[in-house]
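Please open the model in your viewer and keep the selection panel at hand. The tour below goes from stop to stop, saying what to select and what is found there.

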Amino acid sequence: MRRSEALAVSALALASIAAAWAVPRPLPAAVSLAIPVAWGSLFLYVPSRAAAWWAWREVVRKAPEPEDRRGLVLVLLLAFGLLVWGLDWGLTDAAWAADELRPDWVRDLLHRGLGGGWYDKYPWLHYAVLAVPVSAFELADRLGILPAGSVASWAGQLALMRAVSVLMGLGTLVAAFLCGVEMVGPRRAVWAPVVLLLTPLFVYYGKVANLDMPALFWFAWAMVGFLRIVRGGRLRDYVWLGIAAAGAGATKDQAYASLALVAVAAVAITVQQAEGPSWLVKLGRGLADRRVWAAGAASALASMVLHNVVFNAAGFVSHVRLLVTLGDLAIVPRTAGGCLELTGLTLALFRWSLGWPLFTLAAAGVAGALARPERRPWLWLLAVPCSFHLCFTCVTLYVNDRYLLGGIFVLALFAGAACADLLGAIRRRRAARLAVAGACVYALLYASSINVMMSLDARRAVKAWVAASADARMVVGMLGRSYMPRLEPPARTVVVEPSIDAVSQALPDLLVVNARFAERFEQTRDPKGRTLLRALEDGSLGYDEAFRYRAAIPAWAVLQYEAPFRGRGESPLTNLDKVNPEMVVYRRRAHPATTVRSEIPQQAPEEGRGLPHD
C-alpha cells in the first residue's frame, strides 16, 4: 500500500470514529448512515487491496510490457462504469433480484459467531465474505448509531454486499485476461475480458448480491490454473486449480458440476504429457505424478477450510441434507426426447446470453482450435460446458442462463481468440477490423440494455404514482411479497395473498399488482390466483384499473427484442426478465357503507419478518 493511500485510509477511519463519538445524539440521518458505510468500506478495502495487489503482480509477471496491460486497464474502467450503473436498483425494496442474498441472513451468521450450526441452501463461504462489510452495521447498531434493521441500514448493507460483487466481477475480468495470455499471448489477451464484459449476464450479476458472480470469480481463477496445466503446468498451477475449484464449490454447489470433468481432464492431460514407451507406462506415471496428488490434497484441504467444516461441522452436514431435500426442478420429461430438448434449450441460452455476434465469434474460435493442430489443446476447455450439461442439466432436467456462466466464460475465451485472429489478419484487414468493431458495438448496446431497464424500472414509477395519489388514511395492498416496491409513508401497506378472500378481508384502497409475476398464476394453474385476476380485470371485485405502466426502453437497447422480454409472463430460463415488469394499480370503488379500516397494520407481520423497518 502506497503512503498516500495509507494516509487516506487512516484519515477516513479517524474521521468516522471521531464523528461516532463527537457528534451529539441523536445523530443526523446522513451522519448515522455515513459512519457504518465508511467502516464497512474500510473493512472491505483492506482484503480487497491485498487481493488486487496479488492479482496485478500476476498480470505484470505474465504481461511485462506496459502497452500490453493498458488495454486491460481500460476494460476495467469500462467494467466499473457498467457494473456500478444500476447498483441502486431496488436497494430499499424486498427481493427485486431473484435469489439475492439479504443483509439479515448475513447478520444471522454473525450472531452465531460464523458457526454455531448455521446453515442455508447455499454454502458458508460467501456469507462469511459478506460478513466483513456487514459487521460494520452490527457494530453501529450496538453503539446506538444506526439500527441494523432500519431501511437506511438495510440499503447501506445491501449496497456494500453488491459492491463485493462488483469487485469480484473486476477480478473475474483480470482472470479472463490471464487466460487470454495463455491462449493468444499478452498483446491480444485483452479481448477475452472484453467479450465477457459485454454480456448481459455479466453486467447484471456483477452488480447484485447473488452468488453467481462470486462463484464465477473462483471458477475463472481455476481456469487460469487449468490453462497453465494444458501448457505443461508446474506444481503451483495444479495447486492453484485445486484451491480455486474448492472456492467455487464452497461459494455455490453447482460449481462442482462445471468442474467435475475438468478434474478428469487435468489428470488426462498429465498422463498425455508424461514420458514413457507406452500408454500404460504413461498412465501409471501420470496417476502417480505428485502434482496431481498435490492438487487433490489442496482441493480437499481448501474445501474443509472454506466450508468451515472444523468449526461448523453440524452446519455443513445440515447444508448437505438440505440440498438432498430440494424439490424437483424438471422442465422436460425424463426421456431421451426430453434430454434432446434440454440440449437445444442450452444451446439457445448460450446464443442469447452472448448475442449473435459474440456467439458467432465463439463458434469461430472453437472452429479455429479444431482446424489448427497447435490450438487443439484449447479444446480441453470444452470440458466445462460438457461437464455441467452431463452432471447437472441432464440430472435435474433443468437449465437456467445463470447456471451456464462457466460455459459462457469459456466461450468468451474462444471469442476473444477469434477477435485476436481477425485483428491480426493480413488479408482483408479492414473488413476484419470492421467485423470486430461492429460486434463489440452491438455487444455493448446488448449488455448495457439491462442497465437501462434497471434504471427505468416500472416499480419506480409506481412509487411516485402512489406517493402522489395516497394519503395517511389509505391502505395500499401489495399482491404478494416478491418483486414489489416498498412504498414510503404516508401510505400504509399490507401484503395481500393472491385470492379473492384475502383481498375482501384486507379491503385495501389501492391494490398493486406485478403483472408479469402474476402470470405465474396462469402458468401454475393456481385457481385462486387466476380467479382473482379475472375478478380484477372485469371489475366484479369492486376495483377499477387506475394505473398501468411499463417503462418504454430506447430502441438502441437491443436486448429488449429477445423472446424473454417480449412475452407477458416470466421465462423459467432467466431472471433478467424480472427487470422492468408491467405494473398495475387497481383502485377500490367508493361505497357509502365502506370506511377505511384503521386496524389494518402498516406492515403485515409476515412481510415484516427480517425486512427493513422505519
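**A buried loop residue**

Select leucine 397 first: at 1% relative accessibility it counts as buried, where buried means under 20% relative accessible area, exposed over 50% and partly exposed in between, with a 1.4 Å probe and protein chains only. Leucine 397 sits in the loop between α17 (383-396) and α18 (405-423), and its phi is positive, about 60°, although it is not a glycine. Helices (H or I, at least four residues) and strands (E, at least two) are DSSP runs numbered from the N terminus.

**Before going further**

This is a predicted model, in which local features need pLDDT of at least 70 and side-chain atom pairs count only at pLDDT 80 or more, while totals for chains, interfaces and linings use all residues. Residues are numbered from 1 along each chain as its sequence is written, and side-chain values use heavy atoms, with hydrogens and water left out.

Colour the chain by pLDDT, the predictor's confidence in each residue from 0 to 100: the mean is 91, and 95% of the residues reach 70 or more. Over residues 591-610, however, the pLDDT is below 50, and this stretch has 37 contacts in the model beyond near neighbours in sequence, a contact meaning heavy atoms within 4.5 Å.

**The cores**

Next, select Tyr204, Trp221, Met223, Phe226 and Phe409, the residues with the most contacts inside the largest nonpolar core, which has 141 residues. Such a core is a set of buried Ala, Val, Leu, Ile, Met, Phe, Trp, Tyr and Cys residues joined through side-chain atoms within 4.5 Å. Helix α6 (residues 151-184) gives the largest share of this core, 17 residues. Apart from it lies another core, of 20 residues, including Val494, Val513, Leu533 and Leu541.

Centre the view on methionine 223, which touches Cys179, Leu259, Val262, Leu381, Val384 and Phe409, not counting residues up to four places away in sequence.

**Along helix α2**

Now select residues 29-62, helix α2, whose 34 residues reach 48 Å from the first C-alpha to the last, close to the 50 Å expected at 1.5 Å a residue; the expected span is 1.5 Å times one less than the number of residues. A kink of about 30° lies at tyrosine 45, shortly before proline 47, the bend being the angle between axes fitted to the seven residues ending there and the seven starting there. The buried residues of α2, among them Trp39, Leu42 and Val59, pack against α1 (3-22), α3 (66-84), α5 (125-142), α6, α9 (212-230) and α10 (235-251).

**Aromatic pairs**

Where do rings meet? The structure holds 19 aromatic pairs, counted for rings of Phe, Tyr and Trp (its six-membered ring) if their centres lie within 6.5 Å, with planes under 30 degrees apart called stacked, over 60 edge-to-face and the rest tilted. Tryptophan 89 and tryptophan 96 form an edge-to-face pair, 5.7 Å centre to centre with 65° between the planes, and both are buried. Tryptophan 465 and phenylalanine 547 are stacked instead, at 5.2 Å and 15°; since tryptophan 465 lies in helix α20 (residues 458-469) and phenylalanine 547 in strand β4 (residues 543-549), the pair ties together parts that are 82 residues apart in sequence.

**Last stops in the loops**

Go to the loop between β1 (475-479) and β2 (492-496), where proline 490 lies; the peptide bond from proline 489 to proline 490 is cis, with omega near 20°. Finish at leucine 507, in the loop between α21 (500-506) and β3 (510-514), which is partly exposed at 28% relative accessibility and has a positive phi near 50°.
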